[in-house]
Amino acid sequence: MDIFNKAKESLSAAGKGFTQKASDVSGLAKVTMKIKEEEKQLDQSLKELGTLLFNQYNEESKQLFPQQSENIRQLYAALQQDREELAYLKGKKICPNCGAELDGDVQRCTSCGMNVENVVRPSRIQAYCQSCGAQLTPGSRFCNNCGAKIE
Ligand SMILES: [Zn+2]
Ligand SMILES: [Zn+2]
């Protein structure tokens with residue numbers, strides 16, 4: 001009888017131990033997930049704050065954090081050029097005023113109404129005249145050399 005009870009006791013103790021462990025594991029996973037989620041939200045909030053500060057206190061940002069501000073400025077510039085290039089490769093163009101992507105032959109921005117007739121190709125793309133082969137001035141609509149219209 002004693003032995004039976006002891007065995008029962010130790011069994012239930014083992015069972016308890018197991019249950020305890022299992023809830024530790026799920027607790028661990030829960031906290032780990034919570035931390036990850038909080039880290040993600042913190043990152044997001046810091047990013048939002050950084051964007052707000054950079055946009056509203058641009059001059060101050062430049063003075064206080066010249067290196068970071070310069071990095072951001074360069075990335076913005078590179079991004080803009082790459083977006084223009086991508087649009088050009090797709091036969092489209094980017095409105096210099098509002099950044100909307102427009103069909104290549106559009107004369108006025110459909111988004112802000114700006115005259116985009118002269119926005120022909122992004123400045124970075126070196127283009128050559130199809131008639132005479134002369135290198136074209138970026139943004140020009142006619143060849144400087146032979147006067148051919150640039151498509
Ligand atoms: Zn526009
Ligand atoms: Zn030409």
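Buried residues make up 8% of the 151 residues in the protein. The model is predicted. Its pLDDT averages 82, and 77% of the residues score at least 70. Confidence is highest in helix H2 (residues 58-64), at a mean of 92. It is lowest in helix H1 (residues 2-56), where the mean is 79. Where pLDDT is low, the predicted coordinates should not be read in detail.

The protein holds 3 helices and 2 strands. From the N terminus on, their order is α-α-α-β-β. Among contacts with a separation of 6 or more, residues 24 or more positions apart account for 11%.

Helix H3 spans residues 66-89, 24 residues in all. From its first C-alpha to its last, H3 reaches 34 Å, close to the 34 Å expected at 1.5 Å a residue. Of these 24 residues, the number buried is 2, so H3 lies largely in the open. Just after H3, Gly91 adopts a positive phi of about 80°.

The largest nonpolar core has 6 residues. Its members are Ala87, Ile94, Cys95, Cys109, Val116 and Val119. Ala87 falls within the residue range of H3. Leaving aside neighbours within four places in sequence, Val119 is in contact with Lys93 and Pro96.

Cys109, another member of this core, lies in the segment after strand S2 (101-103). Residues up to four places away in sequence aside, Cys109 touches Cys95, Asn97, Cys98, Ala100, Leu102, Met114 and Val116. Two of these partners, Cys95 and Val116, also belong to the core. Cys109 and Cys98 are 11 residues apart in sequence. Their C-alpha atoms are 8.6 Å apart in space.

Phe142 is likewise found in the segment after S2. Phe142 has 13 other C-beta atoms within 10 Å and is therefore partly exposed. Not counting residues up to four places away in sequence, Phe142 touches Gly147, Ala148, Lys149 and Ile150. Phe142 and Cys129 are 13 residues apart in sequence, with a C-alpha to C-alpha distance of 8.7 Å.

Definitions and conventions. Residues are numbered from 1 along each chain as its sequence is written. Chains are lettered from A and ligands numbered from 1 in the order in which they are written. This is a predicted model: local features need pLDDT of at least 70, side-chain atom pairs count only at pLDDT 80 or more; totals for chains, interfaces and linings use all residues. A nonpolar core is a set of buried Ala, Val, Leu, Ile, Met, Phe, Trp, Tyr and Cys residues joined through C-beta atoms within 7 Å. A residue is buried if 20 or more other C-beta atoms lie within 10 Å of its own, exposed if 12 or fewer, and partly exposed in between; C-beta atoms are placed from the backbone. Two residues are in contact if their C-beta atoms, placed from the backbone, lie within 7 Å. Helices (H or I, at least four residues) and strands (E, at least two) are DSSP runs, numbered from the N terminus. The expected span of a helix is 1.5 Å times one less than its number of residues. pLDDT is the predictor's confidence in each residue, from 0 to 100.
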